[in-house]
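Open the model in your viewer and keep the sequence panel beside it. The tour below goes from one selection to the next.

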Amino acid sequence: MATERTFSILKPDATARNLTGAVNAVIEAAGLRIVAQRRIRMSDAQAKKFYEIHAERPFYGELVGFMTSGPVVVQVLEGENAVARYREVMGATNPAQAAEGTIRKQFAQSVGENTVHGSDSPENAALEIAQFFDDKDIVG
Ligand code: ADP
Ligand code: MG
């Protein structure tokens, strides 16, 4: 399996509780390299576009409201099998179902405020990375 990139977001519940470094430590310990990182305030339009796929879900409004409620840290992670590896490190969407040692098990507060986002496929990773980063700002 070749080196791959995935897109990550440290969500507002993470920045609010000063967990940026703690989450990054888990990411790095898992062998994923943070090759780009920026702290931003996501606009309503950016959040709506990013979660477009969930537009018909009952939690869409809540999700967009949450993602724009405070600063987030957008990141590009690089490593072997990075997409699947990061999903493993994040743990299940609902922290109650997340495995021991995962980011969501350790830090997430609820199924909505669940600390991190990670791409679900290499195709989506490329699209998500392109929404927030220029190629020149990713230093592998
Ligand atoms: P994941 O982030 O694990 O890929 P999904 O793509 O299914 O999960 O959902 C995107 C995000 O929407 C979740 O990370 C979470 O913040 C939010 N979400 C998902 N399901 C719910 C729910 N039942 N109630 C509230 N928020 C939810
Ligand atoms: Mg998802």
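Predicted model: local features only at pLDDT ≥ 70, side-chain atom pairs only at ≥ 80, totals over all residues.

Residues are numbered from 1 along each chain as its sequence is written, chains are lettered from A and ligands numbered from 1 in the order in which they are written, and side-chain values use heavy atoms, with hydrogens and water left out.

Stay on H117 and colour by secondary structure. H117 sits in strand β4; helices (H or I, at least four residues) and strands (E, at least two) are DSSP runs, numbered from the N terminus. In the unreviewed UniProt entry, the annotation "active site" covers H117; such annotations may be inferred rather than shown by experiment, feature names are shortened, and positions are given in the numbering used here.

Next, show what touches H117. Leaving aside neighbours within four places in sequence, the contacts of H117 (heavy atoms within 4.5 Å) include F50, Y51 and E128.

Now select F50 and Y51. Their rings form an edge-to-face aromatic pair, 4.9 Å centre to centre with 85 degrees between the planes. Rings of Phe, Tyr and Trp (its six-membered ring) pair if their centres lie within 6.5 Å; planes under 30 degrees apart count as stacked, over 60 as edge-to-face and the rest as tilted. F50 is buried at 8% relative accessibility, and Y51 is buried at 7%.

Ring pairs link F7, F50, Y51 and F132 into a cluster.

Last, show the largest pocket. Its volume is about 750 Å³. On a 1 Å grid over the protein atoms alone, a pocket is an open set of points where a 1.4 Å probe fits, with protein on both sides within 12 Å along at least five of seven lines; lining residues have an atom within 4 Å of a point. Of the 28 lining residues, the closest to the centre are Y51, I53, H54, L63 and H117. Which element gives the most to the lining of the largest pocket? Select α7: this helix gives four residues.

Note on methods. Points joined across faces, edges and corners; volume = space filled by probe spheres on them. Buried < 20%, exposed > 50% of the residue type's maximum accessible area, 1.4 Å probe, protein only.
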